[in-house]
Amino acid sequence: MSSIFSKIIAKEIPADIVYEDDLCLAFRDIAPKAPTHILVIPKREIVSLADLTDEDQAVMGRCVVVASKVAADEGLGDGFRLVVNTGSDGGQEVPHVHFHLLGGRKMTWPPG
(Lines give C-alpha, C1' and ligand atoms only; values in the text may rest on other atoms or scores of the structure.)
Protein backbone atom coordinates (compact mmCIF):
# COMPACT_ATOMS: atom_id res chain seq x y z
CA MET A 1 0.00 0.00 0.00
CA SER A 2 1.40 3.37 -0.97
CA SER A 3 0.14 6.57 0.63
CA ILE A 4 0.67 10.24 -0.13
CA PHE A 5 3.37 10.16 2.57
CA SER A 6 5.31 7.53 0.61
CA LYS A 7 5.27 9.91 -2.36
CA ILE A 8 6.52 12.76 -0.16
CA ILE A 9 9.34 10.52 1.16
CA ALA A 10 10.26 9.64 -2.45
CA LYS A 11 10.19 13.37 -3.34
CA GLU A 12 7.48 12.70 -5.94
CA ILE A 13 5.23 15.24 -4.22
CA PRO A 14 6.65 18.49 -2.82
CA ALA A 15 6.45 19.23 0.90
CA ASP A 16 7.78 21.92 3.22
CA ILE A 17 10.32 19.64 4.92
CA VAL A 18 11.71 20.91 8.22
CA TYR A 19 13.74 17.82 9.20
CA GLU A 20 14.99 14.64 7.59
CA ASP A 21 17.30 11.80 8.59
CA ASP A 22 17.64 8.14 7.61
CA LEU A 23 14.60 7.06 9.66
CA CYS A 24 12.21 10.03 9.86
CA LEU A 25 10.83 12.96 7.93
CA ALA A 26 9.09 16.06 9.32
CA PHE A 27 7.11 18.50 7.19
CA ARG A 28 4.47 21.18 7.59
CA ASP A 29 0.83 20.07 7.38
CA ILE A 30 -0.99 21.52 4.36
CA ALA A 31 -4.15 22.07 6.44
CA PRO A 32 -2.77 23.29 9.79
CA LYS A 33 -4.91 23.04 12.93
CA ALA A 34 -2.57 25.28 14.96
CA PRO A 35 -0.07 28.04 14.16
CA THR A 36 2.60 25.32 14.10
CA HIS A 37 1.41 21.99 12.69
CA ILE A 38 4.14 19.62 11.56
CA LEU A 39 3.83 15.94 10.70
CA VAL A 40 6.61 13.58 11.79
CA ILE A 41 6.62 10.25 9.99
CA PRO A 42 8.81 7.17 9.79
CA LYS A 43 10.29 6.71 6.33
CA ARG A 44 9.39 3.04 6.49
CA GLU A 45 5.70 2.55 5.87
CA ILE A 46 3.80 1.44 8.96
CA VAL A 47 0.04 1.71 8.54
CA SER A 48 -0.92 2.66 12.12
CA LEU A 49 0.02 2.34 15.77
CA ALA A 50 -2.17 -0.77 15.85
CA ASP A 51 0.28 -2.42 13.43
CA LEU A 52 3.45 -1.81 15.47
CA THR A 53 5.73 -4.71 16.36
CA ASP A 54 8.81 -4.92 18.55
CA GLU A 55 10.88 -4.21 15.43
CA ASP A 56 9.32 -0.73 15.21
CA GLN A 57 10.52 0.41 18.64
CA ALA A 58 13.63 2.22 17.40
CA VAL A 59 11.95 4.10 14.56
CA MET A 60 8.98 5.15 16.71
CA GLY A 61 11.31 6.33 19.45
CA ARG A 62 13.31 8.25 16.86
CA CYS A 63 10.14 9.96 15.60
CA VAL A 64 9.33 11.16 19.14
CA VAL A 65 12.88 12.48 19.60
CA VAL A 66 12.65 14.22 16.21
CA ALA A 67 9.32 15.78 17.23
CA SER A 68 10.95 17.17 20.37
CA LYS A 69 13.89 18.58 18.40
CA VAL A 70 11.60 20.15 15.80
CA ALA A 71 9.44 21.67 18.57
CA ALA A 72 12.54 23.30 20.03
CA ASP A 73 13.65 24.52 16.59
CA GLU A 74 10.16 25.99 16.05
CA GLY A 75 10.33 27.91 19.34
CA LEU A 76 7.62 25.92 21.10
CA GLY A 77 9.26 26.24 24.52
CA ASP A 78 5.93 27.15 26.16
CA GLY A 79 4.50 23.78 25.19
CA PHE A 80 3.20 21.68 22.37
CA ARG A 81 1.01 18.66 21.74
CA LEU A 82 2.03 15.43 20.00
CA VAL A 83 -0.95 13.46 18.64
CA VAL A 84 -1.25 10.14 16.82
CA ASN A 85 -4.62 9.25 15.33
CA THR A 86 -5.19 5.51 14.89
CA GLY A 87 -7.89 3.93 12.75
CA SER A 88 -11.00 5.51 11.29
CA ASP A 89 -12.69 6.06 14.67
CA GLY A 90 -9.48 7.67 15.91
CA GLY A 91 -9.47 10.15 13.01
CA GLN A 92 -6.62 8.64 10.99
CA GLU A 93 -6.94 9.76 7.36
CA VAL A 94 -3.63 8.60 5.85
CA PRO A 95 -2.66 4.91 6.18
CA HIS A 96 0.90 5.68 7.32
CA VAL A 97 1.56 6.28 11.02
CA HIS A 98 2.28 9.94 11.70
CA PHE A 99 2.69 12.26 14.64
CA HIS A 100 0.98 15.66 14.59
CA LEU A 101 3.20 18.23 16.32
CA LEU A 102 0.88 21.10 17.27
CA GLY A 103 1.86 24.32 18.97
CA GLY A 104 2.01 28.07 18.87
CA ARG A 105 -1.19 28.52 20.89
CA LYS A 106 -2.71 27.34 24.16
CA MET A 107 -4.06 23.80 23.78
CA THR A 108 -7.40 22.89 25.34
CA TRP A 109 -8.62 19.67 26.93
CA PRO A 110 -10.37 17.46 26.08
CA PRO A 111 -9.07 17.65 22.53
CA GLY A 112 -12.04 16.28 20.70
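Author: Begin with polar contacts. A polar contact is a pair of N or O atoms within 3.5 Å; within protein, one must be able to donate a hydrogen and the other to accept it. Keep in mind that this model is predicted.

Reader: Which backbone oxygen lies 2.8 Å from a polar atom of the side chain of Q92?

Author: That of V47. The Q92 side chain also reaches the backbone nitrogen of G87, at 2.9 Å. Q92 sits in the loop between β4 (80-83) and β5.

Reader: Is Q92 buried or exposed?

Author: The cut-off for buried is under 20% relative accessible area. Q92 has 15%, so it counts as buried. Beyond four places in sequence, Q92 touches V47, S48, N85, T86, G87, V97 and H98.

Reader: Now charges. How far from D29 is the nearest side chain of opposite charge?

Author: A salt bridge needs a side-chain nitrogen of Lys or Arg within 4 Å of a carboxyl oxygen of Asp or Glu. For D29, the nearest side chain of opposite charge is K33, 5.9 Å away. D29 is buried yet has no salt bridge.

Reader: Which backbone nitrogen does the side chain of D29 reach?

Author: The backbone nitrogen of A31, at 2.7 Å. D29 is in the loop between β2 and β3. Leaving aside neighbours within four places in sequence, the contacts of D29 are H37, I38, L39 and H100.

Reader: Next, the core. How many residues does the largest nonpolar core have?

Author: A nonpolar core joins buried residues of the listed nonpolar types through side-chain atoms within 4.5 Å. Here the largest one has 16 residues. Those with the most contacts inside it are A26, V40, M60, C63, V66, V70 and L101. Two or more residues each come from β2 (24-28), β3 (36-42), α2 (57-73) and β5 (99-103). The largest share, seven residues, is from α2.

Reader: What does V40 touch?

Author: Not counting residues up to four places away in sequence, V40 touches L25, A26, C63, V66, A67, H98 and F99. There is also a second, separate core of eight residues. Its members include I9, L25, F27 and V94.

Reader: How many aromatic pairs does a search of the whole structure find?

Author: A pair of aromatic rings is described by the distance of the centres and the angle of the planes. The search finds one pair. F5 and F27 are its members, 5.6 Å centre to centre with 75° between the planes. The geometry is edge-to-face.

Reader: Which parts does the pair tie together?

Author: F5 lies in helix α1 (residues 4-9) and F27 in strand β2, so the pair ties together parts 22 residues apart in sequence. Both F5 and F27 are buried. The relative accessible area of F27 is 4%. Beyond four places in sequence, F27 contacts F5, I8, A15, D16, I17, V18, H37, I38, L39 and I41.

Reader: Last, the backbone. What should I look for in phi and in the peptide bonds?

Author: Most residues other than glycine have a negative phi, and most peptide bonds are trans. K11 is not a glycine, yet has a positive phi of about 65°. K11 is in the loop between α1 and β1 (17-20). At 48% relative accessibility, K11 counts as partly exposed.

Reader: Which peptide bond is cis, with omega near 0°?

Author: The one from W109 to P110. P110 belongs to the segment after β5.

Definitions and conventions: Residues are numbered from 1 along each chain as its sequence is written. This is a predicted model: local features need pLDDT of at least 70, side-chain atom pairs count only at pLDDT 80 or more; totals for chains, interfaces and linings use all residues. Side-chain values use heavy atoms; hydrogens and water are left out. Buried means under 20% relative accessible area, exposed over 50%, partly exposed in between (1.4 Å probe, protein chains only). Helices (H or I, at least four residues) and strands (E, at least two) are DSSP runs, numbered from the N terminus. Contact means heavy atoms within 4.5 Å. Lys and Arg count as positive and Asp and Glu as negative; His and the chain ends are not counted. Rings of Phe, Tyr and Trp (its six-membered ring) pair if their centres lie within 6.5 Å; planes under 30 degrees apart count as stacked, over 60 as edge-to-face and the rest as tilted.
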